[in-house]
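Hello,

Here is the structure I promised to pass on to you. Please have a look at it first, and then read my notes below.

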Amino acid sequence: MFSLIRIELYKIFSRIRTFIGFIAIGLLVPLIQVALFIDGETYIEFSLQNLKEAFDFQGNLLNGYLACYIILATLYVHIPFLITLVTGDLLAGEAAGGTFRVLLTRPVSRTKLLFAKFISGLIYTAALIFWMALISLLLGIAIMGTGDLIVIKNTVYIFAEDDVLWRLLAAFGFGLIAMWCVASLSFMFSSFADNSIGPIILTMTVIISFIVISAIDLSLFRVVKPFLFTNYMGSWKLFFETPVNYDKILMSAGALIAHIILFFGIAWYNFKKKDILT
Amino acid sequence: MKKHFRFSILLVLAILTFKASVAQEKNAALILEGVKKKFALVNEYEASVKIKVDVNFVKIPEKSGKIWYMQPGKVVVKTPGFSLLPKRGMNFTPNQLFSGDYTALYAREEQYAGVTTQVIKVIPNSDADDIILSTLWIDTQRNVIRKLETTTKSEGTFSMQFRFPAEIKTYDLPDQILFNFDIRKNELPLGLTGDFENQGNKDKTPKNSRGTVTITYLNYLVNQGKAIPVFQKKSK
Amino acid sequence: MEKQPVIEIRDLYKSYKGFDAVKGINLTVYKGDVFGFLGPNGAGKSTTIRMMMSLIKPTSGEIRIFGKLLSEERESILRKIGAIVEKPDLYGFMSAYDNLRLLGKMSGIQPTHAGIMDVLELVGLKDRAKSKVKTFSHGMKQRVGLAQALIHDPELIILDEPTTGLDPQGMVEIRDLILKLSKEYHKTILLSSHILNEVELVANRMVIINKGKVAIEGDVKELLNRDEMKVTIEVSDITKGVEVIKNRGLSNAMRDTAGNKIILHISQNEMAGINRALIEGGVDVVSVVPLRTLEEYFLNLT
């Protein structure tokens, strides 16, 4: 099994498309950081207008932690695309390239192979998120230093400097589960497709539609909202509250994991009986 | 005769009333003067502070830091990270409050926080002043203000409650000040750290509410020159 | 010595959404065979091969390879099979060497450097070992495809149209390689093709399938050398020629539509006599083109 996973990872990391995600994050994140470094102060002022009426501010809120939080919040919709680029191709790419004919005629059970591919996809996702966390934090801190983190929701939260890092790391951890869910969705679509464009587009369509439905506050949409997995993807933000609502976070993580299992299960059921015609 | 008697009573009453009011005015001015004099002893100080903000839609941990004060009303506060300081009153000194043209009226004697205080109303004479009315609860025993309530045109009312250590020192500075003020909750611009998911949730916090900031002072170092370099640096 | 069956296919059916691609195929390939699997395009060859390789599931029927049921012992069977199924698509973004290394591992062996280079040498790609497969020509892809089928030293090699798209030189090379694998390495080979000639040159046994069914099965030499054959004779004087032949009692002689050729069905040993009779009868024989019935039959299928 390990050898199969290693083979799949070797295949993933032999391809240019795999590095698109790493390059995109490697460019996008510093860009956001530099922009914030230059202009972030104005944004914070703007966001805190009404507090300014009652309070004098002492100290600096523009720091690497804030940049990291903002990056997490803004890249929420973009990272799935970078992930799907690879995970949506895991099965469909073999179908499109005709390589299933050499791959599935090896003495390896389809279930094992599928699992190896799935695990490899999860590892790729983790690597991408780790990369994002690494440059978001390290570069952000290098440019802007550390400091207290302000998070503006219905409540304005200000977290002491020494109370931030674990929250950000936990948020990345939760984000990873959310992105694994995205990866699983695209993997499922990938098992049905014979070209990799289909699963990529389909995954993004599902995610964007679900997010739109969640955002529109109509009674019909409110009813379906709990059934949309995207609804649980944003729960990393719950780490930026006091006290942290661990029950809600665990519930969201549970919902996402349930979806991961469901998506993999469907992919497995489909792949096991699939006739390879390409 | 009856009429005359009546008149003289009224006259006496009038005189008495007039005398009383003059006495009160004097009284108020005197009391304030005592406070001013007492405070004027403090030229500068450095102290450690703990700042606790209590506003229903703001969550910020208690901050520890340092405060430096210098006459006539310069204040610098430094805390690690970020802190919210009450906009009004952080640089409050009696001198400053009564620097302008004002009318002080003695109102009454009142028990406040277990001490007998003299209540004095201070009304600025200028219409341009933002302050409409200030009420002070003054502890004439120690010549310190125990409580201050101010109504302003633009920012509603705010109050400051001063807590003093039991032991009376030469420089009688509070060990805690409680600021209480109006705060309006505007729709917070979602801006950068916007929370898209919760946008639909109805905001349950009232639009207008009170906020308090508690500042605890520790380890005053008064007139030891500690604050001077801070302000020298600042003016540079 | 009893011949040992390697592939046994019984009543194999496959239908896709109402279309019957394979309709009850039976065949047996014995150890050491170079087995020709013939049929026109669309006859069901690839579908059958895909079922043998477990790429698709039969609708019904039974496939036994090395005496084991494929549906039950897929992995242990596939370990001993190397195959090219249709186009030899490998991972274009990897080198030929890496493709062989990974696919070898997946076939359950630990490919050594020497082992990989040997296979590449066998297919004539040693000097391109480190080139990415996507840069290869069709012929080279065909050869690296063959290499991946051989990397784990399988007992049974299934080659689905291995010469498609190759130039005549390439076809000869592949043919020689098949013969080498059979004679020197004693592999059992199933070779599918739509060209009878190709199979005839290398196979000892064969089956012709058409429209999803077996049309003919047997020994290649026997099948091709059945006595009846169709001969086209071009002569100087067609009328005289027909007369001479009819005088020999061959009433089925007829003129070609073009006019100067005689077409007749004879048994092989009669040809020499006819030739002599024509010459003796004063008819010049310009050419004699024999067409074996199987060949004619097959041509009619394709």
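**How the chains meet**

Chains B and C do not touch, and their nearest C-alpha atoms are 41 Å apart; contact here means heavy atoms within 4.5 Å. Among the 2 pairs of chains that touch, the most contacts are between chains A and B.

Some notes on how to read all this. This is a predicted model, in which local features need pLDDT of at least 70 and side-chain atom pairs count only at pLDDT 80 or more, while totals for chains, interfaces and linings use all residues. Residues are numbered from 1 along each chain as its sequence is written, chains are lettered from A and ligands numbered from 1 in the order in which they are written, and side-chain values use heavy atoms, with hydrogens and water left out.

Two packed helices are described by the angle between their axes and the distance between the axes. Helices (H or I, at least four residues) and strands (E, at least two) are DSSP runs, numbered from the N terminus. Axes are lines fitted to C-alpha atoms, for helices over the stretch in contact, and angles run from 0 to 180 degrees between N-to-C directions.

Let me start with helix 5 (residues 78-87) and helix 10 (residues 197-215) of chain A, which pack at an angle of about 155° with axes 9 Å apart. Helix 5 and helix 10 of chain A are therefore roughly antiparallel (angles under 35 degrees count as roughly parallel, over 145 as roughly antiparallel, 65 to 115 as roughly perpendicular and the rest as oblique). On helix 5 of chain A, A:P80, A:F81, A:T84 and A:L85 meet A:P199, A:I200, A:T203, A:M204 and A:I207 of helix 10 of chain A. The residues of this contact are 7 nonpolar, 2 polar and no charged (Ala, Val, Leu, Ile, Met, Phe, Trp, Tyr, Cys and Pro count as nonpolar, Asp, Glu, Lys and Arg as charged, and the others, Gly among them, as polar).

Next come helix 1 (residues 2-12) and helix 8 of chain A, packed at about 50° with axes 8 Å apart, and therefore oblique to each other. This crossing of helix 1 and helix 8 of chain A is right-handed. Their contact residues divide into 9 nonpolar, 2 polar and 4 charged.

Helix 2 (residues 16-47) and helix 4 (residues 64-74) of chain A pack at about 110°, with axes 10 Å apart. That makes helix 2 of chain A roughly perpendicular to helix 4 of chain A. Here too, the crossing of helix 2 and helix 4 of chain A is right-handed. The contact of helix 2 with helix 4 of chain A has 8 nonpolar, 2 polar and no charged residues.

How many cavities of 30 Å³ or more does a search of the whole structure find? There are 6. On a 1 Å grid over the protein atoms alone, a cavity is a set of points where a 1.4 Å probe fits but cannot get out, and lining residues have an atom within 4 Å of a point. Grid points are joined across faces, edges and corners, and a volume is the space filled by probe spheres set on the points.

The second largest cavity has a volume of about 130 Å³. Its lining includes A:L72, A:Y76, A:F172, A:G175 and A:W236. Helix 8 (110-144) and helix 9 (165-192) of chain A are the elements that give two or more residues to this lining. Helix 9 of chain A gives the most, with 4 residues. By class, the lining of the second largest cavity has 11 nonpolar, 1 polar and no charged residues.

**Two backbone details**

Most residues other than glycine have a negative phi, and most peptide bonds are trans. The peptide bond from A:T242 to A:P243 is cis, with omega near -5°. A:P243 is in the loop between helix 12 (230-233) and helix 13 (246-272) of chain A. C:K17, a residue other than glycine, has a positive phi, near 35°.

Best wishes

Conventions:
On a 1 Å grid over the protein atoms alone, a cavity is a set of points where a 1.4 Å probe fits but cannot get out, and a pocket is an open set with protein on both sides within 12 Å along at least five of seven lines; lining residues have an atom within 4 Å of a point. A crossing is left-handed if the near helix is turned anticlockwise from the far one by less than a right angle, and right-handed if clockwise.
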